[in-house]
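Student: Hi! I have a new structure open and I'd like to walk through it with you. Can we start with the ligands?
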Amino acid sequence: MATDDSDAVDPAAVDARAGDGTRTNGVSAAPSGTAADESTTGPERVTGGSRPPGEVTLDDPVTVGGTTVSNRLYRAPLLECAGNGPDAVDTLVAELEPTAASGVGLVFQGASVVTPEGGCVAPNMTRVHDPEFVAGLSQLTGAIHDHGGRIFLQLAHGGLRSQAVWHAGYREDRPDHSELAVSRPPWQLRALDRLGLVDLAPDVMSTGAVYDLADQFGRAAGCAVDAGYDGIHLSGANMGILQQFCSPLYNRRDDEFGTGPDDPPGSGGVRFLEAVHDAVRDHAGSVPLVTKVPAETAAPRFVRRHLTRADAVRVATRVADIGYDAVAPVEVSTFWDMSVVRGAYPERAWEAADMQAGYAAAFGGPLRARVVAALNRLQSRRFPREPAWNADLCRAVRDRVEVPVLCEGGVRERGTCDDLLADGACDMVGMGRPFYAEPRLGARLLGADPGTRALCESCNNCTVPQVTGAPGTCRTPSVVRARARRDRRGSYD
Ligand SMILES: Cc1cc2nc3c(=O)[nH]c(=O)nc-3n(C[C@H](O)[C@H](O)[C@H](O)COP(=O)(O)O)c2cc1C
Ligand code: SF4
């Protein structure tokens, strides 16, 4: 495999500009801006890679719920914005097949919505409630399998993060919109509603409606397995409805899906995850089932009720006991902010001329779009990328569960992957944005030396355009050019 790094865009340099700290999460790291930045062993680890023989590395196979995955590298779920039109499957094949072709063991298709209406957190998301549509995705699963890869479908519903709440154009087209809610929205969202910054029309679910929603997850899982998917991933974090069930801020229910005064935080969410698990087992049998588990450690100070890291470890332990086959613990906020996509302020994306109309439609005019951009700038100062920012949480979970633990978030270097696996932080390592930048990244990382680094700069120019429904792709020309150069040199062959 090619391991050349000679024209690498140095993420450490970008991180230094973005004020990235040197927190290491237990992964060996050198401070940005040191001589290590220039070395071929990369800026994110200083250990030499003299590993005892037999130690687990990224190249080793792993079993998830009885399914063998050929190595421990996965493509984290990323929105594809492929929609449900006649070209949806071609879009998905074009985006995901190269990743499997490059040797990546496991591809997680991005969040796909289980209901026929509502629940999308961005325009143009794919819905997977319709058996006929999902059957057509066998073209995608077949393409992944042809390369020896595995593909899991991520099932989702946005709840109070759905477009109906935040997307002005969406609301204008649907004046009678409402959105599924776990409970009455928290006061922070009600305050934004009164200021006209969001629009709340919550449809608080009855107990029966909660079971119906769990069943919709199960039915979609059944269709997915029929279409050849190897597993199911639940969008359990990123402020979607599964997190809202777990979160003390959102879940004030007093039925079996609530968290009683004597229950540990997150208990209502665990019960919903159990209902979803049971529905998946009813419709899809023993298919491998994975979920993200949120720790709401990035919540703003004014949110007192949130899931701590200890709460998240407990939730993950209970979820594994229920029968989930793997967990992906992630440190997030109680709101949709940059804690999920830590990195730089996406200046280029906000300035892009061809995006301005879409931003204005999403946020209710150009002025409001500028306010959102300003908030985004503040957020990027609070959430710079940190190498493997979920590693501590993953390690704490892995100490308590028997099932594989998946670690993603800010990982950019081969050596970091091996350190995470060797240190016992996790059993598989994932990357998200780096696969937008280099869909065939697997060819460079697998079998490579420790200093091999992804080109992605964590600049986030790919994130903001998704509010307009724009496809997931790298939007930073210097990175795209670097990829093209490597392509010409055969680095991805
Ligand atoms: C544009 C974009 C879309 C994303 N979509 C999803 C998604 O559909 N489901 C999900 O669980 N996480 C999603 N994520 C989060 C990623 O799975 C991943 O956790 C995050 O990008 C951090 O990893 P990275 O630093 O390697 O990019 C998304 C992230 C980005 C940047
Ligand atoms: S625009 Fe490209 S370089 Fe920037 S974060 Fe997205 S994938 Fe990475």
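Student: Which element gives the largest share of the shell around ligand 1?

Tutor: That is β3, which supplies three residues. Keep in mind as we go that this is a predicted model.

Student: Okay, and which residues come nearest to ligand 1?

Tutor: Ala76, Gly110, Ala111, Gly432 and Arg433 come nearest, out of 24 residues around ligand 1. Besides β3, the elements giving two or more residues to this shell are β4 (106-113) and α17.

Student: How do the residues of that shell divide by class?

Tutor: Around ligand 1 there are 11 nonpolar, 10 polar and three charged residues.

Student: Now ligand 2. How many residues surround it, and which are the closest?

Tutor: Ligand 2 is surrounded by 14 residues, and the closest are Cys456, Cys459, Asn461, Cys462 and Cys474. By class, the shell of ligand 2 has seven nonpolar, four polar and three charged residues.

Student: Nice link! Let's switch to strands. What is the order of the open sheet?

Tutor: The eight strands run β10-β9-β8-β5-β4-β3-β12-β11, and their pairing is parallel.

Student: Why is one side of β10 and of β11 left without a neighbour?

Tutor: Because β10 (326-331) and β11 (406-407) stand at the edges of the sheet, each has a single partner strand, and one side of each has no neighbour in the sheet.

Student: What about β3 and β12, how many bridges do they have?

Tutor: Strand β3 (residues 73-78) and strand β12 (residues 428-431) pair over three bridges, in the parallel sense.

Student: Which residues make the contact?

Tutor: From α2 come Val89, Leu92, Val93, Leu96, Glu97 and Ala100, while α4 brings Gln139, Leu140, Ala143 and Ile144. Eight of these contact residues are nonpolar, one is polar and one is charged.

Student: And α8 with α10, at what angle do they cross?

Tutor: Helix α8 (residues 207-226) and helix α10 (residues 267-284) cross at roughly 40°, and their axes come within 7 Å. That angle makes α8 oblique to α10. The crossing is right-handed.

Student: Who is involved in that contact?

Tutor: Among them are Val210, Tyr211 and Ala214 of α8, together with Phe272, Ala275 and Val276 of α10. The contact divides into 12 nonpolar, three polar and three charged residues.

Student: One last pair: how far apart are the axes of α10 and α11?

Tutor: They are 10 Å apart, and α10 packs against helix α11 (residues 309-322) at an angle of about 25°. These two helices are therefore roughly parallel to each other. α10 passes α11 in a right-handed crossing.

Student: Which residues touch there?

Tutor: In α10 they are Gly269, Val270, Leu273, Glu274 and His277, and in α11 they are Val315, Arg318, Val319 and Ile322. Five of the contact residues are nonpolar, two polar and two charged.

Note on methods: Residues numbered from 1 in each chain as written. Chains lettered and ligands numbered in written order. Predicted model: local features only at pLDDT ≥ 70, side-chain atom pairs only at ≥ 80, totals over all residues. Near = placed C-beta within 6 Å. Nonpolar A, V, L, I, M, F, W, Y, C, P; charged D, E, K, R; others polar. Contact = placed C-beta atoms within 7 Å. Helix = DSSP H or I, 4+ residues; strand = E, 2+ residues; numbered from the N terminus. Pairing = 2+ DSSP bridges. Axes fitted to C-alpha atoms, helices over the stretch in contact; angles between N-to-C directions. Parallel < 35°, antiparallel > 145°, perpendicular 65-115°, else oblique. Left-handed = near helix turned anticlockwise from the far one by under 90°.
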